[in-house]
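Good morning, and thank you for coming.

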Amino acid sequence: MRHRSTLIAMVVPIRLGWLPAPPTFAQDGRITAGSRAPFQKVAEAVERAIAEEKMGLVCHANAQRGAASRGVTIKGNQVFMVFRPDFAVRLLAADPRAGFEAPIRIYLYENPDGTVTVSYLTPSAVFAPYRNAEVQAIGAELDPIFKAIVDRALAAQ
């Protein structure tokens, strides 16, 4: 019975919106975190953080803009595809098959309650299937960079 009361104590604040921001969790290498900042501020902060971490924004898929071109309004929804040429050169030299995984995506979306969710697969998880020491090293090198990008974005107010 003690476990049930602990579970209820954890669920009630979440359901009633008492948490300062949506929780952060990791599952199979996926990091998911939330913010109560306005969507556009977080999206702009992601772009700034990518540049500040000296990474490249290879592609930016903006579902809002696409929907608006059809006369439809949707909540915030964007994908940032991030990588850098020096990592690409090393990755392709180590195992050309691993090039399929680059760029690595950061997914940003607005929830029905107006909160924002940021989600990405850690580079080490993305490259885990490739049994190559250099590919694994690149993933490990990129992990703190992607964490810093997301941390900076979530600090936006």
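Of the 157 residues in this chain, 34% are buried; buried means under 20% relative accessible area, exposed means over 50%, and partly exposed lies in between, with a 1.4 Å probe and protein chains only. This is a predicted model, in which local features need pLDDT of at least 70 and side-chain atom pairs count only at pLDDT 80 or more, while totals for chains, interfaces and linings use all residues. Residues are numbered from 1 along each chain as its sequence is written, and side-chain values use heavy atoms, with hydrogens and water left out.

Let me begin with the overall layout. The chain contains six helices and six strands; these are DSSP runs numbered from the N terminus, with helices (H or I) of at least four residues and strands (E) of at least two. Their order along the sequence is α-β-β-α-β-α-β-α-β-β-α-α. Contact means heavy atoms within 4.5 Å. Among contacts in the chain with a separation of 6 or more, 62% are between residues 24 or more positions apart. The chain exposes about 9300 Å², and carbon and sulfur atoms supply 59% of that area, as computed by the Shrake-Rupley method with a 1.4 Å probe.

I turn now to helix 2. This helix covers residues 39–52, has 14 residues, and reaches 20 Å from its first C-alpha to its last, close to the 20 Å expected at 1.5 Å a residue. The expected span is 1.5 Å times one less than the number of residues. Which residues of helix 2 are buried? They are Phe39, Val42, Ala43, Ala45, Val46, Ala49 and Ile50. Seen down the axis of helix 2, these buried residues fall within an arc of 160°, so they line one face of the helix; the arc is that of the directions from the helix axis to the C-beta atoms. As background, an α-helix has 3.6 residues a turn, so residues three or four places apart point the same way.

Next comes the loop between helix 2 and strand 3, where Lys54 lies. Phi of Lys54 is near 60°, a positive value in a residue other than glycine. In general, most residues other than glycine have a negative phi, and most peptide bonds are trans. Is Lys54 buried or exposed? Lys54 is exposed, with a relative accessible area of 62%.

Leaving aside residues up to four places away in sequence, Leu57 touches Glu47, Ile50, Phe80 and Met81. The C-alpha atoms of Leu57 and Met81 are separated by 5.9 Å, although these residues are 24 apart along the chain. Leu57 is partly exposed, at 33% relative accessible area.

Strand 4 (residues 77–83) and strand 5 (residues 104–110) run antiparallel and are joined by six bridges; two strands pair if DSSP finds at least two bridges between them. Val82 stands opposite Ile104 in strand 5. Strand 5 is also joined to strand 6 (residues 116–121), by five bridges, and these two run antiparallel. Here Ile106 has Tyr120 in strand 6 as its bridge partner. Strands 5 and 6 form a hairpin with five residues between them, and in the turn Gly114 has a positive phi of about 90°.

There is one further backbone feature to point out. The peptide bond joining Ala102 and Pro103 is cis, with omega about 0°. Pro103 is found in the loop between helix 4 (85–94) and strand 5.

Finally, the charged side chains. A salt bridge is a side-chain nitrogen of Lys or Arg within 4 Å of a carboxyl oxygen of Asp or Glu. How many salt bridges are there by this rule? The count comes to seven. One of them joins the side chains of Glu53 and Arg152, at 2.9 Å from N to O. This pair links distant parts of the chain, with Glu53 in the loop between helix 2 and strand 3 and Arg152 in helix 6 (residues 133–154), 99 residues apart. Glu53 counts as buried, at 18% relative accessibility, whereas Arg152 counts as partly exposed, at 38%.

Another salt bridge joins Asp151 to Lys147, with the closest N and O atoms 2.6 Å apart. Both residues lie in helix 6, four residues apart, about one turn of the helix. Salt bridges that share partners also join Glu52, Glu53 and Arg152 into one network.
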